[in-house]
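Here are some notes to read beside the model. Please keep the structure open and look up each residue as it comes up.

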Amino acid sequence: PQTIYLKDYKPFGWIIDDVHLTFRLHPTATRVISRIRFRPDHDVHDRPFFLHGEDLKTISIRVDGHEPTIYEQSGGITVDVPDAPFNWEAEVEINPSANTALEGLYMSNGMYCTQCEAEGFRKITWYPDRPDVMAKFTVRIESDAEHTPVMLSNGNGLYYEQDSTKTPAPNVTIYQDPWPKPAYLFALVAGDLVAHEDSFTTVSGKEVHLAIWVRPGDEHKCAFGMEALKKSMKWDEDVYGREYDLDEFNIVAVDDFNMGAMENKGLNIFNSSCVLASPETSTDANFERIEAIIAHEYFHNWTGNRITCRDWFQLCLKEGLTVFRDQQFTDDMRSAPVARISNVLALRARQFPEDQGPLSHPVRPESFQEINNFYTATVYEKGSEVIGMLKTLVGDEAYAKALNLYFDRHDGDAATIEDWLKVFEDATGRDLSQFKRWYSQSGTPRVTVREEYAQDTLTLHISQRTAPTPGQETKEPQIIPIAVGLLNPNGDEVQETTVLELRDSEQSFSFPGHASRPVPSILRGFSAPVLLDQEIDADRRAFLLAHDTDPFNRWESGRMLARESLLSSVKEGSAPNAAYLDGLKLVLRDDTLDPAYRALMLGQPSQSELAGLLHDAGHVPAPEAIHAASEALRQAKADHLSDILPGLYADHQVEEPFSAEAGPAGQRALANAALDLLTRLDGGATAAMQYTRADNMTQQLAALGALLDADQGQEALTAFYDQWRDDRLVIDKWFSLQVLHAKPGDAADVARRLTNHMDFDWKNPNRFRALLGALQMHHAGFHHESGAAYELLADWLIRLDPVNPQTTARMSTAFQTWKRYDTKRQALIGAQLDRISKQPELSRDTTEMITRIRG
Ligand code: B3K
Ligand code: ZN
């Protein structure tokens, strides 16, 4: 496959004013007619006229009414065109039913839908399918009213005509989008859909018609998403001054979708799992995720659509910023400390392994073979962290000023990271050239802090170092904002949070005037996405766990105690740390603390996180030992907290009717965290009771998981299936849960058995991920010494690749950590990687991933 480089960027060479598309829908032979007006871009008019196209059956192509000379190229055509404005007309035929890759125009349960980002529009018609070519689209859709009573595209609906006197009754709809956009934001949906409708009046008084479109029968699952949408619209006006810019905003739920959702202009398309919600079928975690994703896609209207990316290397320009904005939104809607901890947990679980392994790449990559492989935790989540650091460094006011400048200066542009940083430089007068390294250097910086106390002064000697990553042997120092506070030995804060700017490889920062030695609380709020090494003993951690005024660092102290306790039991077989258990009990007893926060306190580092830490410290992680230590710590917590668990459980039962708000959700989270431990004491008695009484999915699923842990779950599992067999999203949970709660030695077998279940519809990405994604999340099961799970996953990746390369490539990241493990496991995984890469016609997506993972 060909490698594309950022440094080779060249503009297209022509400008498009208008695009007119006509779709004559047919499940296996859809006709797409395009009429486009091109004119030379005189600044850069020195290259052949190249249009992308893939899997298109060309019926006709005309340039100014004549058949032009066409040269076929890989991935498209070059065409002889005049050196002056001209009219392009093409008719192609495509087959939506055969499109299992779910990219371009495809069918999901009899419904037509599209996914064009990143490069799917080229599967619809000949076009310059690149984000820097922006045009106004008018779309005419023709079909019949019986199969596709509802037809939607971007922008505003202009014209509808259904003629029921004819058979089949024709249906014609025209949509017009007044805003120029790149082709990746194009969307079309047609099918038998029903709407949950509402409206929103914007700050300047314009009424916007809102609709969430679903299959008949799912209407009752739309209300929560609609509320989330209205809150997002209001929040973007209040906080960023951004108003919506069309007469309608449509969301469509689709069952077969490669990722979460897509921000197509005025017509967001969602994986049904990321929009449909009801208390009976969705967990609190689902509700929270749905709210965040609806917000994320809506916020893209300004950060992504009005201002888009010049090329795909700039992906973090829209994704990092939009994640940052949706995280701010969640902070405002829910508890900010709880949200921050959850974001850091996700960053450590997904981004850190990526950044510290063979797939490490900068937030703005410099080359790729398949851009879909770069919609990563690094581009998204680290991309957001980078913006958070920028905001910390310049301050809230300057951030707001820079953002206003960004919207003013770049509205309607396809912009770059240079443009983004320039608005901050212009708004603040600050030189951001060193800061830019966060975009170009990959890897997680390791920050080491040494303390010195003399003459009433505490000095922090701080150094930074980033290990080499693929393609980047040496690293330059980055600017790292380190938020620090100081506590005196009584636990009172004597220095409130201040931000140290670490710029050099080594720097010292002094805090004079402390007659007794203060205890520093370092990297408050996780002010930078780094690894922190600190000389600190268990007593000081316990002190911070009891007294830190920064909620993130207070949680972090407990986390570090748990981490150290686990690592020493894996390495030295030591018993769980008493300071941790005592400290935890104090926190859990403190009723002034938010239940959701206390629930997070009860968690402990995952087994794969521990494997990474052991590897980091020069040990070879043994998955079975890590599993045993994790289980032992859970049991120790259950024993140590046995006197308070029943109370915690009982006091956090929600009596009021279900609400997905943060308050009651936090109570359920704490009760369920207590249940998990209680089950280790009562053998599942409480869980069985909860299962019978549960009237919402959060409680039903937690009870079922606890019962499975106690080996009491078989009956409930069958009942659960019978209850929910007709609800795809719930059955996804049923698949995942059985694998996640299997014994390590059984996980692969359980998963293999489930692949034979009649409901294992493996071409549906949600179902595939539910089962095989759960297997890779079960650390001890996936890495069981038999190698059975490696083989099973490889079998299914090989099977899925010709059908859906994007999902296959993404799921192959399960192997990215393989070099951490012992030689026997490396040989087992290596053999599977070889087997995958030897498949004839392996997709470009999977080839690139496997090649990078093998290193
Ligand atoms: N922009 C889309 C992701 C497209 C992924 C293409 N493989 C969703 C989002 O980030 O909002
Ligand atoms: Zn996004």
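This is a predicted model: local features need pLDDT of at least 70, side-chain atom pairs count only at pLDDT 80 or more; totals for chains, interfaces and linings use all residues.

1. In H13, the buried residues are Gln607, Ser608, Glu609, Leu610, Ala611, Gly612 and Leu614. The helix runs over residues 607-616 and is mostly covered, with 7 of its 10 residues buried.

2. What do the buried residues of H13 pack against? Their partners are four helices: H4 (336-355), H10 (551-572), H14 (623-640) and H23 (779-782). After H13 comes Gly618, which has a positive phi near 85°.

3. An unreviewed entry gives residues 539-853 the annotation "domain: Peptidase M1 alanyl aminopeptidase C-terminal". Over residues 539-853 the chain is 71% helix and 0% strand.

4. Now the whole chain. The protein chain has 27 helices and 30 strands. Its C-alpha atoms fill a box of roughly 85 × 65 × 60 Å along the principal axes. For 855 residues, a compact globule would have a radius of gyration near 29 Å, and the chain has 28 Å, so the two agree. Of the 855 residues, 50% count as buried. Among contacts with a separation of 6 or more, 69% join residues 24 or more positions apart.

5. Where does ligand 1 lie? Domain 2 (193-306) and domain 3 (308-440) both give residues to its shell, so ligand 1 lies between them. Strand S19 (261-262) and helix H2 (284-299) each supply at least two residues of that shell. The residues around ligand 1 include His296, Glu297, His300 and Glu319. By class, the shell has 5 nonpolar, 3 polar and 4 charged residues.

6. Two further residues around ligand 1 are Glu117 and Ala118. The peptide bond from Glu117 to Ala118 is cis, with omega near 5°. Ala118 sits in the loop between strands S10 (111-115) and S11 (135-144). Another cis peptide bond runs from Thr167 to Pro168, with omega near -15°. Pro168 is in the loop between strands S13 (156-162) and S14 (170-181).

7. Asp456 has phi near 60° and is in the loop between strands S24 (446-454) and S25 (457-465). Leu523 has phi of about 65° and is in the loop between strands S29 (519-522) and S30 (531-534). Is each one buried or exposed? Asp456 counts as exposed because it has 12 C-beta neighbours inside 10 Å. Leu523 has 23 C-beta neighbours inside 10 Å, so it counts as buried.

Key: Residues are numbered from 1 along each chain as its sequence is written. Chains are lettered from A and ligands numbered from 1 in the order in which they are written. A residue is near a molecule or strand if its C-beta atom, placed from the backbone, lies within 6 Å of it. Ala, Val, Leu, Ile, Met, Phe, Trp, Tyr, Cys and Pro count as nonpolar, Asp, Glu, Lys and Arg as charged, and the others, Gly among them, as polar. Domain bounds come from an automatic or database domain assignment. UniProt positions are given in the numbering used here, feature names are shortened, and annotations may be inferred rather than shown by experiment. The radius of gyration is taken over C-alpha atoms; the globule rule is 2.2 Å times the number of residues to the power 0.38. A residue is buried if 20 or more other C-beta atoms lie within 10 Å of its own, exposed if 12 or fewer, and partly exposed in between; C-beta atoms are placed from the backbone. Two residues are in contact if their C-beta atoms, placed from the backbone, lie within 7 Å.
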